[in-house]
Amino acid sequence: MSRDQTWTADDVINAVSAYMNKDHVAIVEKAYQFAAVAHRDQIRQSGEAYIMHPIQVAGILANLKMDPTTIAAGFLHDIVEDTGVTLDDVRELFGDDVAMIVDGVTKLGKIKYKSNKQRLAENHRKLLLAMSKDIRVMIVKLADRLHNMRTLQHLRPDKQRRIANETLEIYAPLADRLGISTIKWELEDISLRYLNPQQYYRIVHLMNSRRDQRESYIAEAIGDIERAIDDLNIKPEIYGRPKHIYSIYRKMRDQHKQFSQIYDLLAIRVIVDNIRDCYAVLGAIHTQWKPMPGRFKDYIAMPKANMYQSLHTTVIGPEGRPLEVQIRTAEMHRVAEFGVAAHWAYKEGMTDKVQASNTGNKLNWFKQIIELQEDTDDAADFMDSVKGELFGDHVYAFTPKGDVLELPKGAGPLDMAYSIHTEVGNHTTGATVNGKIVPLDYEVKNGDIVDIKTSSNSAGPNRDWLKLVSTRRARNKIKQFFRLKDREKNIEQGRQIIEQQLREFKFDPKALMTKPQLQKVVDKLHYQHIDDLFAAVGFGDLQPVGVANRLTEDVRHEREAQRQRQEERELLEEHQSITSSDTESDTQRKRKQKPSEGVIIEGVDNLLVRLSHCCGPVPGDKIVGYITKGRGVSVHRSDCPNVAHAEANGERLIDVRWDNPNDTTAMYNADLEVQGYNRNGLLNEALRIVNNTTKQLNVVNGRVDHNKMVTISISLGVRNAEQLQRIIDNLKNIQDVYVVKRPFR
C-alpha cells in the first residue's frame with residue numbers, strides 16, 4: 001500500500017469499477033457526492049479541502065478491495081461528527097449497515113468527560129464494541145487513522161506525539177490482531193518518526209547506506225533457492241522483503257543491539273501454489289543450508305490468532321550469515337497482507353451475514369472484548385485490559401484433546417481454566433503440564449500440553465488465587481464468586497463503611513442516606529440496585545470516598561456558593577478602597593508600595609504581593625498583576641493561561657513591574673521541563689549544566705514512557721530571566737534533547 005499515492009474521487013470510482021458491478025459502483029458514487037456536498041465549506045489544518053480526507057480513506061479501502069457498504073462508509077465516516085447531517089439521514093439514504101459503521105467510527109464528541117484520558121478511553125471502548133458487532137467498523141477506522149498519520153506534519157508537535165503514541169498503543173496492535181500487516185507496519189513506522197525521530201532517521205540512513213550490499217546478497221540467495229528446488233517441478237514467486245523500520249528499532253531496543261548486530265534485515269519470501277509445495281520447498285532449503293535451532297515456526301499447522309499462515313525458518317545462508325525465509329501460498333499471502341479485510345473483500349453474491357460468519361469463526365478473540373466490557377464499568381480499566389490481554393505478547397498451549405488456546409504471556413493454569421469456562425475455573429483442583437503435576441503458579445509456555453484437574457466436590461476458588469492469576473477475566477470471575485457468596489455480609493459492611501466515611505466528612509449519615517439520595521448515586525454509578533452499591537463498597541470494588549462525595553455533592557455546592565458570595569463582598573469592598581485611592585492628590589498617587597517579592601504596584605499601598613506558582617515569573621519576564629479574592633495581588637507572566645482566563649471573565653488585572661530586574665542577590669524559583677531520548681548519561685549532563693550556572697537546584701523528577709522518551713522536571717533558583725535563558729540554551733545543546741520549556745502548572 002503506497003503511502004505516497006494521493007487519490008482523487010475518480011481514482012476511487014475507477015478502482016471499485018474494476019471489481020464491482022454497476023449497481024454497487026452507483027452506491028459508492030452516491031456516497032461520495034453526498035459527502036462532497038456536506039463537507040463543501042470545510043478546510044483541513046493542512047489548508048486543503050476537507051473532502052480530500054474522506055476520499056483518501058475510501059481510496060485505502062478500495063485498495064483493500066472492500067465491499068460497497070464499507071467504501072460508502074469510508075466516504076461518510078466523518079459526516080455525522082463534523083456536519084449537520086444526522087445518523088438518521090445516513091440510515092435513510094444508505095441503509096442500516098452504513099449507518100452502523102459510521103456510528104461506530106464517530107467519536108463521542110457531545111459527551112463531557114472529566115479528563116482527556118477518560119474521553120479517549122470511552123471513544124476506544126465504543127469503537128471496540130462496535131467492531132465486535134461488525135469488523136468493518138475497525139477497518140474503516142484504521143483507514144481513517146492511516147491517512148491522519150500520513151498528514152500528521154500539519155499538527156503541533158505535542159499533538160503529533162499524542163496521536164503517534166495512541167496509534168502505537170491502540171491502532172497498530174489492532175491492525176496486527178486483524179492481520180492487516182500492510183496497515184500495521186506503516187502505522188508503526190510513522191509513529192516512530194514522530195516519537196523518536198533521531199532513531200528513525202538514523203535507521204533509515206543506515207539501511208540506505210548498505211542497500212547495494214544487501215540487494216546483492218539477496219540476489220545470490222534467491223539464485224541458490226531456485227537451483228535447490230529446480231527438480232521439484234515447482235514454479236514459485238521468490239523475492240526479498242526488507243525489514244520495516246519499527247521492527248528493527250524494537251529489536252535494537254529490546255535486545256540491546258546496535259544496527260550492525262542485526263543480521264536479518266532482509267527476509268526472502270517464497271510464494272507457491274499449495275500447502276504441499278510449501279513443505280517441499282522447506283525441505284529443499286534445509287537441504288541447501290543448515291537451519292538454525294529454535295528458529296523454525298509452522299504457522300500453517302498452527303495459524304496465529306489473526307489468521308496468519310506461513311512457514312518461517314532461519315538458516316545459515318550464503319557467506320555464513322543468518323537468512324530468514326518465509327514460505328506460503330498465494331492465498332496465505334493475501335491474508336498475511338490484508339488479514340480480516342481479505343475475508344471481507346468484495347465477493348459478488350456473498351451476503352454480509354455470510355462474510356461475518358466466516359470471519360467471526362476465525363477471530364474468537366472478539367468475544368473476549370465483550371467479556372472484558374461486561375466485567376468492568378470503567379472505560380480506562382477496560383482499555384488497560386484490552387491492551388494487556390489482547391495486544392500484549394501471547395503464548396499458545398494445548399488441551400489434552402489437541403485444541404489450541406491463546407493466553408497472555410505470564411498466564412498460568414488457572415488463567416487457562418477460566419478461559420475455557422467459568423465453572424472449569426471455579427472447580428479447579430490442580431493441573432498437569434506435559435504429564436507432570438505443576439503448582440498453580442506455574443507460568444504456561446509455548447507448546448505446553450495443559451490438563452486442568454477439576455472436581456464437582458470442590459469448595460470453589462480460594463482468595464489466594466487472586467495472587468496467582470494474571471488475566472483480568474480470571475481475576476474478575478474469582479471476585480464474582482466471592483461477591484455472590486458473601487453478598488449479604490458485603491451489603492451490611494458497605495452500608496457501615498459509607499456511614500463512617502460521611503461522619504469523617506462531618507456530615508450526618510441519616511440526613512444524607514435517604515432512599516432518593518442513594519438512588520441518585522446508584523444511577524450515576526450505573527448500578528442496578530442500592531444493595532448492589534453497598535455490596536460493591538463492602539467487597540472493595542468501589543471506594544467509599546467516591547460514594548460519600550456523590551451523596552454530599554449538593555450540600556457542598558451550596559456551602560461553596562455561600563463562601564464565594566462572602567468573598568465577592570470582600571472583593572467589592574477591596575475594589576472600592578482601591579477606587580477611592582484613585583481620587584487622591586497627584587502627590588499621593590505617585591506613592592509606590594514598598595517592594596514585595598521584588599515587584600512594585602503603581603499608585604497602590606498595603607496590598608500583599610506574591611509570585612504565582614503556576615507560571616513562576618522571574619525578574620526580566622513580562623508580568624501582570626491579578627487581584628485575588630482576599631489574598632492580595634498575584635503576579636503572573638503575561639503569557640500565563642490563567643491571565644487569559646481572568647481577562648475572559650472580566651476580572652481585575654493591574655499593571656505591575658519589577659523593582660530591580662538586574663538585582664544579582666535575590667533568588668527566584670523557576671521550573672523547567674526537558675524532553676528527550678532516555679540514553680545513558682542524559683540526566684547527568686542536564687544536571688551538570690544546571691549546576692554550572694546556578695548552585696540552587698531544588699527538585700529533579702523524571703519519567704520515561706514505553707518508547708524510551710524521558711521528561712525531566714527541574715525546579716531551580718535563578719536571579720533573573722537572562723540567567724534562566726542561558727540555562728535553557730545550554731540544555732537545548734545536549735545531544736538527544738528535543739524540547740526545553742518553562743511549563744505552566
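A polar contact is a pair of N or O atoms within 3.5 Å; within protein, one must be able to donate a hydrogen and the other to accept it, and residues adjacent in sequence count only if both atoms are side-chain atoms. Keep that handy for Thr151 below. This is a predicted model, so local features need pLDDT of at least 70 and side-chain atom pairs count only at pLDDT 80 or more, while totals for chains, interfaces and linings use all residues. Residues are numbered from 1 along each chain as its sequence is written, and side-chain values use heavy atoms, leaving out hydrogens and water.

**The whole chain**
- You're looking at 34 helices and 21 strands, where helices (H or I, at least four residues) and strands (E, at least two) are DSSP runs numbered from the N terminus.
- Of the 745 residues, 48% are buried (under 20% relative accessible area, with a 1.4 Å probe and protein chains only).
- Among contacts (heavy atoms within 4.5 Å) with a separation of 6 or more, 66% link residues 24 or more positions apart.

**Thr151**
- Thr151 sits in the loop between helix H9 (136-150) and helix H10 (157-177).
- Its relative accessibility is 16%, so Thr151 counts as buried.
- The side chain of Thr151 gets to the backbone oxygen of His147 at 3.1 Å.

**The H3/H4 pair**
- Helix H3 (residues 52-63) packs with helix H4 (residues 68-76) at about 160°, their axes 7 Å apart; axes are lines fitted to C-alpha atoms, for helices over the stretch in contact, and angles run from 0 to 180 degrees between N-to-C directions.
- That makes H3 and H4 roughly antiparallel (over 145 degrees).
- On the H3 side, Pro54, Ile55, Val57, Ala58, Leu61 and Ala62 meet Thr70, Ile71, Gly74 and Phe75 of H4.

- The open sheet has 3 strands in the order E10-E9-E11, with antiparallel pairing (strands pair if DSSP finds at least two bridges between them).
- E10 (436-438) and E11 (450-454) are the edge strands with a single partner strand each, so one side of each has no neighbour in the sheet.
- Neighbouring strands here are turned by 35° against each other on average, direction ignored.
- E9 (residues 428-433) pairs with E11 over 5 bridges, and Thr428 has Thr454 as its bridge partner in E11.
- Helix H21 lies across E9, E10 and E11, running at about 75° to E11.
- Because 6 of the 8 residues of H21 (residues 413-420) are buried, the helix is largely enclosed by the rest of the structure; the buried ones are Pro413, Leu414, Asp415, Met416, Ala417 and Tyr418.

Methods: Buried < 20%, exposed > 50% of the residue type's maximum accessible area, 1.4 Å probe, protein only. Parallel < 35°, antiparallel > 145°, perpendicular 65-115°, else oblique.
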